[in-house]
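Hi,

Here is the structure I said I would pass on. My notes follow below it.

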Amino acid sequence: MSLHRTLSRLAALACLLPGLAWSSGAAAADTRGNVSLAGTWTLVAADVLHPDGSRSHDYGDAPKGLLLIDRRGHYSLQLYRTDRPRFADPSKAKATALEYRAAVMGSSTHYGTIAVEPGQHQLVFHIEGASFPNWEGQQQRRAYELHGDTLSYRVPPRPDGNVPVSVWRRIGD
């Protein structure tokens, strides 16, 4: 084969590779199950299921949250209690231990990539950064249900047996 033909084929392959990478990345869609989570989601509920079967609000009565997922599967997630107390001092560096505790326990944020395994009804979060540093670099699985534009998932049980449940509603593409 001539050098010219070899270089032409390599150039054609180089043009195809970015498209293949785009379609096969850690996507928010799995073409086998045709599930797409790409879009903007707002938090509907952040509850917790207790071992006795009861359910309560994990982030207060009116939590706020936003989940952004792009078409390649990159995500950013934020959950907040709306009743978090403001710090008495305007400087973030001068809060009390109780103020810091309320701020940390009243929020949960992380980002990375997400994949969908529709056959197993699993979301797989590949966490790159998180407000709780112990999660960074972890892969976390969540059992999920998707009904139209409503997504709900269960976090694996905590050591006390409680199971957090998040419910989101898609508000945009």
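First, a definition: a residue is buried under 20% relative accessible area, exposed over 50%, and partly exposed in between (1.4 Å probe, protein chains only). At 28% relative accessibility, serine 56 therefore counts as partly exposed.

The model is predicted: local features need pLDDT of at least 70, side-chain atom pairs count only at pLDDT 80 or more, and totals for chains, interfaces and linings use all residues. Residues are numbered from 1 along each chain as its sequence is written, and side-chain values use heavy atoms, with hydrogens and water left out.

Serine 56 sits in strand E4 (residues 55-57). Strands (E, at least two residues) and helices (H or I, at least four) are DSSP runs, numbered from the N terminus. Beyond its neighbours within four places in sequence, serine 56 is in contact (heavy atoms within 4.5 Å) with Asp47, Val48 and His50. Its side chain also makes a polar contact of 2.7 Å with that of histidine 50. A polar contact is a pair of N or O atoms within 3.5 Å; within protein, one must be able to donate a hydrogen and the other to accept it, and residues adjacent in sequence count only if both atoms are side-chain atoms.

Aspartate 47 belongs to strand E3. Aspartate 47 is buried, because its relative accessible area is 9%. Its side chain joins that of histidine 57 in a polar contact of 2.9 Å. Leaving aside neighbours within four places in sequence, the contacts of aspartate 47 include Arg55, Asp58 and Val163.

**Aromatic pairs**

There are four aromatic pairs in the structure. Phenylalanine 132 and tryptophan 135 form one that is edge-to-face, at 5.9 Å centre to centre and 85 degrees between the planes. Rings of Phe, Tyr and Trp (its six-membered ring) pair if their centres lie within 6.5 Å; planes under 30 degrees apart count as stacked, over 60 as edge-to-face and the rest as tilted. Phenylalanine 132 is partly exposed at 42% relative accessible area, and tryptophan 135 is partly exposed at 23%. Ring pairs also link Tyr75, Phe125 and Tyr153 into a cluster.

**Lining of the largest pocket**

By class, this lining has 14 nonpolar, eight polar and six charged residues. Ala, Val, Leu, Ile, Met, Phe, Trp, Tyr, Cys and Pro count as nonpolar, Asp, Glu, Lys and Arg as charged, and the others, Gly among them, as polar.

Best wishes
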